[in-house]
Amino acid sequence: MTRDQLEHAIRAASDVAGDDELWVFGSQALLGTFPDAAEPLRASIEVDLQPKNKPEMVDSIDGALGELSQFHQTHGFYVHGISLESANLPEGWQSRVIAVRDEIGTRGATGWCVDVHDLAASKLVAYREKDREFVRLLMVERMIDAAVLRTRTDLLDIEEALRERLVEWVRVISRELSGR
């Protein structure tokens with residue numbers, strides 16, 4: 001996915017939802033901070049989002065712009081209308097979002113992209129192999145700082161045993177990448 005495609009997704013979802021503000025919280029939220037991120041980090045062809053002011057419109061977005069829709073077939077990517085409740089984001093994430101807004105690309109609609117450290121913490125909670133690899137690539141590309149990620153992990157509403165597992169994973173990968 002490219003930044004232009006993200007802007008297109010924001011524009012289209014805004015039109016469908018009738019809401020000019022959207023939360024963007026899947027992996028492609030990184031394009032808010034890093035519009036030219038390395039290709040392996042942009043491999044996903046979906047944008048996960050929820051209208052900020054009309055969350056009840058997620059199903060309409062998914063139906064009109066989702067996987068296997070005409071939009072998907074035409075543009076080669078799709079918009080996954082999904083509730084924010086599906087993501088475990090660190091406390092205070094709303095104050096750290098990055099605005100993606102352009103008069104042409106998004107036609108004035110704003111995609112509020114989750115900060116990359118909050119995104120990484122959320123991905124680690126899922127702890128799927130693809131999510132760990134995504135976070136590892138963020139670390140390899142020096143797009144996130146391990147200390148900040150550790151702080152964001154402390155802000156997650158998770159059990160302490162899981163938090164310790166995530167912190168240990170970050171520590172091990174940090175050591176691996178620093179060559180120790």
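Biologist: Across which strands does helix 3 lie?

Modeller: Please note that this model is predicted. Helix 3, residues 58-65, lies across strand 2 and strand 3. Its direction is at about 155 degrees to that of strand 3.

Biologist: In what order do the strands of the sheet come?

Modeller: The open sheet has 5 strands in the order 3-2-1-5-4, with mixed pairing. At the edges are strand 3 (78-81) and strand 4 (98-101), each of which pairs on one side only. From one strand to the next, the twist averages 35 degrees.

Biologist: In which sense do strand 2 and strand 3 pair?

Modeller: Strand 2, residues 46-51, pairs with strand 3 in the parallel sense, over 4 bridges.

Biologist: How many salt bridges does a search of the whole structure find?

Modeller: Side chains of opposite charge can pair when their charged atoms come close. In this structure the search finds 13 salt bridges. One of them joins arginine 152 and aspartate 118, at 3.0 Å from N to O. Arginine 152 belongs to helix 7 and aspartate 118 to helix 5, so the pair ties together parts that are 34 residues apart in sequence.

Biologist: Is aspartate 118 buried or exposed?

Modeller: Residues under 20% relative accessible area count as buried. Aspartate 118 is therefore buried, at 0%, and arginine 152 is buried at 13%. Both residues belong to a network of salt bridges that also includes Arg96 and Asp115.

Definitions and conventions. Residues numbered from 1 in each chain as written. Predicted model: local features only at pLDDT ≥ 70, side-chain atom pairs only at ≥ 80, totals over all residues. Heavy atoms only, no water. Pairing = 2+ DSSP bridges. Helix = DSSP H or I, 4+ residues; strand = E, 2+ residues; numbered from the N terminus. Axes fitted to C-alpha atoms, helices over the stretch in contact; angles between N-to-C directions. Contact = heavy atoms within 4.5 Å. Salt bridge = Lys/Arg side-chain N within 4 Å of Asp/Glu carboxyl O. Buried < 20%, exposed > 50% of the residue type's maximum accessible area, 1.4 Å probe, protein only.
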